[in-house]
Amino acid sequence: MISDVNKALVPYASGVAVAVLWLAFAIPMIKKRLTTGKLPPKTSVLLDLPLPIAGPILNLLVYFADIRKNDHKKRLGEVMRIPYVTSTAIVIVSPEGVKTGLTCRHDGKKVLSSHHVETIRAMWGPKALSNLAGSEHTRVKKLLHPAINAKTLAIYVSHLKEASKTWIEHVVDPNLGQPVKVYEPVRRFMMDTTLRLMLGLGKDAPKVANQVAQLLVQVWDSTFAPPFNIPGTNFHRGKRARAALLPIIRVLKKLKAKQESIKDPLDLAKCESMSYTLAFLKECLRVYSPVLNFPRTITTTFEASGYVLPKGYTYLYYPPAVQRHSVEDPDKIIPEKYDDPTCPLNRPYGFTPFAGGEYQCLGERFAEMEICILLRHLVRDFTWTHAAADPRIWYGDGAPLFMRFTDGLPLVFAKA
Ligand code: HEM
């Protein structure tokens, strides 16, 4: 039986328990702050509060509010702390930041985990190449090289040509003169052709590739993660794409002339001589990067740009933000700029849509080749315009690390 005196003590005891819990949570955080030196500026005063339960919830609210904003770099400079779901991430929007992210090193010292944070690990699976590290990563990557070397790529030129023709027969030809949504069919084209590369050109490969592609699309679309905002760029939810799509259509004329100057039959050497098409592709990757940011974990506290970046924080590097900020008129598609050796995009880590260093995309040349071959057929044989009055690109929902067109990208094709 609880005596009256003990009953009267209950509220005080509860208060003390809450205070002890709070101290247990807050003291390490406060201690870390006091001992780590100057942290990068934060995008919100509410961010990173030393409060159990309420802190992460507020963080989440700030995170969603923050997605709408778009001026962090202007306000805060190149290094900042941003809300990252219920925690905090440090963002560096500079070529040096990208270099650290890609090499996992700062001043020669390893400071980042070489693989992704847990959410990404779960998405790809722990045995995926990009989730392996050190000697195991090197070993598996070496094993994959023969699947993507020049000899193999040469074999795939004619396959990609046939695949492009089949795609046009199914998607474009039956819909001439009327809007056809190309986003999904292009996505399937890329997946099917990539899977054929992995599965080989045997007679059962198309069927298996088709089934795997279907499964991948489902997994991909149902993978949930919250949408991201790129500090300091104009990427945000539901961006209107018209401004960028119109100049693309103007560039297509030159693209057509360049492609017409390359005669059939196509081979690997001719594909690699498509410098204007490749520069056009680079511009598309620069303005609308399919991959937005890469998360790593800080494993050793280090200093960059005058700030302390403490161990345990997420480190986000944004190649697209660097690529956009280094040029004037970032929304304009100007393929010629890659001919200028002084262009910041041509400097180390200035343009890294396919990553770099140890984790350099293995499929870069193949991806370029499949896009160049499909584009060759589309620009040579057709003219196209965008059908929607207000085309939209979406970086949220479903596969938020990657861009998608919410309106399905409707284009109207006509025979050239
Ligand atoms: C436009 C198309 C593509 C883009 C923009 C792209 C971009 C990237 C990027 C940024 C990474 C580095 C990810 C990281 O740091 O963890 C990467 C890795 C990778 N990509 Fe691609 N990629 C494309 C197409 C492809 C294709 C078609 C293939 C296969 C044929 C492919 C295979 C890979 C592989 C295997 C890795 C892992 C490399 C490693 O961890 O060492 N990619 N890609």
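The pLDDT is the predictor's confidence in each residue, on a scale from 0 to 100. The model shown here is predicted.

**Figure 1. Confidence along the protein chain.** The protein chain has an average pLDDT of 79, and 76% of the residues score at least 70. Confidence is highest in helix 11 (residues 268-272), with a mean of 95, and lowest in strand 6 (residues 239-240), with a mean of 46. The pLDDT is below 50 over residues 223-243, a stretch that has 69 contacts in the model beyond near neighbours in sequence. The pLDDT is also below 50 over residues 396-400, where 14 contacts in the model reach beyond near neighbours in sequence. For the complex, the predictor gives a pTM of 0.80 and an ipTM of 0.98.

**Figure 2**

**Figure 3. The packing of helix 7 and helix 8.** Two packed helices are described by the distance between their axes and the angle between them. The axes of helix 7 (residues 150-172) and helix 8 come within 11 Å of each other and cross at roughly 150 degrees. Angles over 145 degrees count as roughly antiparallel, and helix 7 is therefore roughly antiparallel to helix 8. The crossing of the two helices is right-handed. On the side of helix 7, the contact is formed by Tyr156, His159, Leu160, Ala163, Trp167 and Val171, which meet Pro185, Phe189, Thr193, Arg196 and Leu197 in helix 8. The residues of this contact comprise eight nonpolar, two polar and one charged.

**Figure 4. The cis peptide bond at Pro265.** Most peptide bonds are trans. The bond from Asp264 to Pro265, in contrast, is cis, and its omega is near -5 degrees. Pro265 lies in the loop between helix 10 (242-260) and helix 11.

**Figure 5. The backbone at Cys104.** A negative phi is found in most residues other than glycine. Cys104, which is not a glycine, has a positive phi, near 65 degrees. The loop that holds Cys104 runs between helix 4 (95-103) and strand 3 (105-106).

Definitions and conventions:
Residues numbered from 1 in each chain as written. Predicted model: local features only at pLDDT ≥ 70, side-chain atom pairs only at ≥ 80, totals over all residues. Axes fitted to C-alpha atoms, helices over the stretch in contact; angles between N-to-C directions. Helix = DSSP H or I, 4+ residues; strand = E, 2+ residues; numbered from the N terminus. Parallel < 35°, antiparallel > 145°, perpendicular 65-115°, else oblique. Left-handed = near helix turned anticlockwise from the far one by under 90°. Contact = placed C-beta atoms within 7 Å. Nonpolar A, V, L, I, M, F, W, Y, C, P; charged D, E, K, R; others polar.
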